[in-house]
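I opened this notebook to record what I looked up in one structure, going from the overall fold to single residues. The sequence and the coordinates come ahead of my entries.

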Amino acid sequence: SIKIFLDVDDFSKTHDLEKNVKESTHFILLLTEGALGRPWVQKEIRWAFKSKKNIIPVQSILEKVELT
């Protein structure tokens with residue numbers, strides 16, 4: 001089975017956030033505009049790197065596409 005943790009806006013439980021990153025097999029980093037400048041994203045990347053997770057960057061183009 002596959003367990004997915006999606007970090008969007010709820011940063012109130014930092015310990016849970018770190019735990020979820022460390023318990024993951026892969027860390028998929030959705031590269032939206034400005035994502036790398038966000039402090040929580042930087043922390044998640046550090047946790048993933050220190051925990052030797054597979055870090056998979058994915059470039060997002062959705063925010064640049066106008067959907068009608």
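My entries follow, starting with the ground rules.

**Ground rules.** I worked on a predicted model, in which local features need pLDDT of at least 70 and side-chain atom pairs count only at pLDDT 80 or more, whereas totals for chains, interfaces and linings use all residues. Residues are numbered from 1 along each chain as its sequence is written, and side-chain values use heavy atoms, with hydrogens and water left out.

**Fold.** I looked up the secondary structure and found two helices and two strands, taken as DSSP runs numbered from the N terminus (helices H or I, at least four residues; strands E, at least two). Along the sequence they follow the pattern α-β-α-β. Of the contacts (heavy atoms within 4.5 Å) with a separation of 6 or more, 62% join residues 24 or more positions apart.

**Surface and burial.** The protein exposes about 5,800 Å², of which carbon and sulfur atoms supply 58%; accessible areas come from the Shrake-Rupley method with a 1.4 Å probe, and for residues only the protein chains shown count as cover. Buried residues make up 19% of the 68 residues, where buried means under 20% relative accessible area, exposed over 50%, and partly exposed in between.

**Core.** I then asked which residues form the largest nonpolar core. It has eight residues, namely Leu17, Val21, Phe27, Leu29, Leu31, Val41, Trp47 and Ala48, a core being a set of buried Ala, Val, Leu, Ile, Met, Phe, Trp, Tyr and Cys residues joined through side-chain atoms within 4.5 Å. To this core α1 (14–23), β1 and α2 each supply at least two residues. Leaving out residues up to four places away in sequence, I noted that Val41 touches Leu29 and Ala35.

**Helix α2.** Glu44 lies in α2 (residues 39–50), and I recorded that Glu44 is buried yet has no salt bridge, the nearest side chain of opposite charge being Arg38 at 9.0 Å. A salt bridge here needs a side-chain nitrogen of Lys or Arg within 4 Å of a carboxyl oxygen of Asp or Glu; Lys and Arg count as positive and Asp and Glu as negative, while His and the chain ends are not counted. Beyond four places in sequence, Glu44 touches Asp7, Leu17, Val21 and Phe27. Ile45, also in helix α2, counts as partly exposed because its relative accessible area is 23%. With neighbours within four places set aside, Ile45 is in contact with Phe27, Leu29, Leu36 and Ile55.

How values were computed:
Buried means under 20% relative accessible area, exposed over 50%, partly exposed in between (1.4 Å probe, protein chains only).
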